[in-house]
Amino acid sequence: MASEEEEEEVVAAAEGTIRSQRVFLNHLDSYSGISIGKYLSNCVVGASLEEVGDEEEEEGDEIVSAIDVTFSKPKEGAYQIVGTLSKAQSMKPEFAQETYTISTQEELLGHLLECDVIIYNITEDANQIEEATWAASALHGEVLHFEKPKLFILVSTIMTWARSKPLDPDDSEIPFTEEDYRRRKPHPNFMDHINAEKVIIKLGKTNKNKFSTYVVASGLQYGAEEGIFHYFFKTAWLGETPAIPVFGDGNNFLPTIHVADLAAVLQNIADHRPRTHYIVAVDESIHTVQAIVKCISKNVGPGKIQKIPRENAFLSKDLTQTHLDMLLVNLRMEAVFLKENFNIKWVAQTGLVENIGQVLKEYKQSRGLLPVKICVLGPPAVGKSTIAEELCKHYKLHHIKIKDVIAEAIENLEKTIAPKETVETEEVGEEGEEDEEEEGDIIGEAQELLDGVKENMEQNVGRLDDQYVIRFMKEKLKSMPCKNQGYILDGFPKTYDQAKDLFNLEDDEEEETRSKVPRYDKLITPEYVISLNASDEFLKNRVMNLPESVVAGTHYTQDRFLRTLSLFRELNTEDETVVNYFDELEIHPQFIDVAKFEEPENRFIVNEIIKETGEPRNYGLTDEEKEELECKAAEARLAKEAEENAEQERKEAEERAEKLANWEEWNKRLEEVKRQEQELLEAQSIPLRNYLMKNVMPTLMQGLNECCKIRPDDPVDFLAEYLFKNNPEME
């Protein structure tokens with residue numbers, strides 16, 4: 001009987017590892033939700049129960065890091081991920097079986113009851129605390145109706161330990177462990193978090209066989225697209241500031257964990273169901289904020305940090321109060337339980353600083369922050385610089401021109417040699433004497449190089465030999481801005497040898513002959529080569545039509561232009577040209593005949609290049625920037641409408657004024673016409689008046705007088721009779 005029971009247990013155990021389990025995870029579209037969901041969806045149920053060997057751990061590191069960036073098809077028997085979304089407009093993640101839009105608590109409970117493992121993450125959104133405690137309480141109320149045991153995991157934060165008193169007042173370096181969880185004191189802004197932890201732990205004590213609850217005190221999460229440290233990564237990557245800020249003195253210690261390692265902890269809890277119900281999840285690192293930010297600055301940004309007062313941190317729009325609370329915490333913690341009991345395929349067991357290469361790779365891949373490297377070649381006056389500038393605006397790249405590179409290199413050498421009194425106040429965290437010795441060597445080398453450059457320029461009438469040009473160009477292309485965003489090389493290299501010296505790796509000649517494709521430095525070599533071309537006649541006409549103000553002082557003057565064009569044609573008639581060099585590297589140039597797309601703004605040419613090159617691979621616009629642009633567009637639209645209305649009103653006012661002026665003018669002219677007509681009438685009536693006064697009026701006046709005296713019955717007939725009788729002509 002015993003042997004039969006043992007066989008049944010073995011079969012059940014085997015079936016248990018194959019049978020997939022349904023996992024509910026809140027906010028699948030959040031930073032942690034995406035990483036945890038991806039990880040668990042690729043984990044077979046019970047896989048962490050097997051011992052992890054050293055070789056398997058190395059393989060696991062590669063697998064996990066790949067999971068952070070891309071999603072592979074779910075394995076048989078893997079955890080099935082379901083859950084909610086933080087934003088209604090978010091799409092269902094690829095790794096999720098289902099996503100829920102919850103309208104009522106009853107609906108939510110129905111979905112939770114279908115799951116084997118329920119994970120609530122409250123580290124990113126404090127508004128989820130109430131829902132998490134309700135969900136655990138509601139499940140606890142249904143425990144008698146469970147068909148199979150359920151597991152509830154609350155992912156909380158080490159901020160519930162932020163104000164804990166040191167274990168030994170005389171030795172602050174002793175770290176806290178899980179055993180000290182009853183002594184923990186939270187940060188004032190994380191009281192709700194610790195209350196939720198207590199509720200979850202309490203709910204799991206009554207019916208452990210049916211309903212187990214766990215609290216995971218997670219360290220500050222990093223990795224993948226970055227969470228709490230994203231502000232520093234982005235600031236460093238953009239390269240818009242000379243130093244990356246550190247808030248406060250930077251000497252506070254931060255307990256951290258890679259987000260994939262946090263997911264591994266959750267996997268182990270689901271598989272092992274340990275007796276300890278409060279688990280600290282942190283890596284083995286003991287790093288200060290200053291060390292972390294300095295590491296980020298060195299590997300992504302300018303390499304410098306700058307301490308700023310804590311209160312100035314609140315001026316940053318990209319950091320919330322929660323972020324600042326976390327960045328300013330000072331805690332030493334050790335995850336003893338998970339080290340001793342869990343089988344974790346660590347991604348970053350030793351912390352962010354020691355694994356910055358892997359973390360940086362994940363960050364760039366997750367956010368699509370890959371450099372765009374373009375080289376634009378062509379004869380003089382073909383439009384290389386104009387097109388390069390347009391491409392720089394579109395892709396947010398660095399415009400690399402040989403004159404600027406040389407001038408910048410000389411300026412940097414002079415700055416290096418100059419006294420450092422003003423610079424030292426800006427730099428923070430230097431290592432003292434060792435750095436001073438190193439700095440002395442750098443100054444000596446810079447002085448020697450600067451002397452050589454100046455002497456060479458004097459000998460060559462202001463021009464530099466290729467050895468210096470290539471050196472400065474390599475330094476520029478290897479600079480952090482070019483490594484981060486990318487660049488556009490404008491008209492350089494000009495010759496095959498320059499291209500070979502600039503891009504080829506120093507290698508043995510035997511190896512070069514064995515390999516068909518030369519070994520080249522992929523870090524600085526362009527991905528896309530644009531070869532612009534046009535006939536000599538076309539280029540000459542273009543230069544001749546340029547205004548004198550543009551031509552003056554440039555190589556577009558007639559003699560210099562013809563010499564430059566002739567030299568370009570000479571260098572590009574041989575077999576070994578720059579275009580041929582890139583062909584050898586299998587980086588085939590895009591040839592564009594500028595004459596076919598002749599138009600002032602080069603829009604067609606730029607569009608052709610963009611089609612070939614693809615979309616920008618940078619941050620693009622943030623929601624705030626989009627909102628700001630929309631506001632500016634709205635303001636511009638309103639301003640334009642106001643301007644149009646004002647212009648309309650002005651025109652109407654002008655028309656009214658013009659009409660009024662015309663009316664007044666018309667009235668004046670009408671009065672003048674009337675006056676002239678009156679004068680003319682009067683002038684014309686004088687002869688008639690004289691005639692009447694002489695021949696008619698005397699007789700008529702006499703007749704009227706007689707009529708008045710006699711007063712006949714018919715005065716008109718009387719007057720007519722009188723005039724007829726007394727007509728002077730009749731007499």
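1. Basis. The model is predicted: local features need pLDDT of at least 70, side-chain atom pairs count only at pLDDT 80 or more, and totals for chains, interfaces and linings use all residues. Residues are numbered from 1 along each chain as its sequence is written, and side-chain values use heavy atoms, with hydrogens and water left out.

2. Negative patch. Asp465, Asp466, Asp497, Asp501, Glu570, Glu574, Asp575, Glu576 and Glu584 make up a patch of negative charge on the surface. Patches take residues with over 30% relative accessible area and no salt bridge, joining like charges within 9 Å and nonpolar side chains (Val, Leu, Ile, Met, Phe, Trp, Tyr) within 5 Å. A salt bridge is a side-chain nitrogen of Lys or Arg within 4 Å of a carboxyl oxygen of Asp or Glu. Lys and Arg count as positive and Asp and Glu as negative, while His and the chain ends are not counted. Each charge is placed at NZ of Lys, CZ of Arg, CG of Asp or CD of Glu. Accessible areas come from the Shrake-Rupley method with a 1.4 Å probe; for residues, only the protein chains shown count as cover.

3. Asp466. This member of the negative patch lies in helix 17, residues 466–477. Helices are DSSP runs (H or I, at least four residues), numbered from the N terminus. Asp466 has a relative accessible area of 38% and is partly exposed; buried means under 20%, exposed over 50%, and partly exposed in between (1.4 Å probe, protein chains only).

4. Arg560 belongs to helix 23, residues 558–571, and is partly exposed at 40% relative accessibility.

5. Leu692 sits in helix 26, residues 623–695, and is partly exposed, with 34% relative accessibility.

6. Cysteines. The count of disulfides is 0, a disulfide being a pair of cysteine sulfur atoms within 2.5 Å. For Cys707, the closest cysteine sulfur is that of Cys708, 5.9 Å away, which is too far for a bond. Cys707 is buried at 13% relative accessibility. Cys43 is buried too, with a relative accessible area of 8%.

7. Val329. The loop between helix 10 (321–327) and helix 11 (336–341) holds Val329. Val329 is buried, at 5% relative accessible area. Val329 and Val289 stand 40 residues apart in sequence, with 9.5 Å from C-alpha to C-alpha.

How values were computed:
Helices (H or I, at least four residues) and strands (E, at least two) are DSSP runs, numbered from the N terminus.
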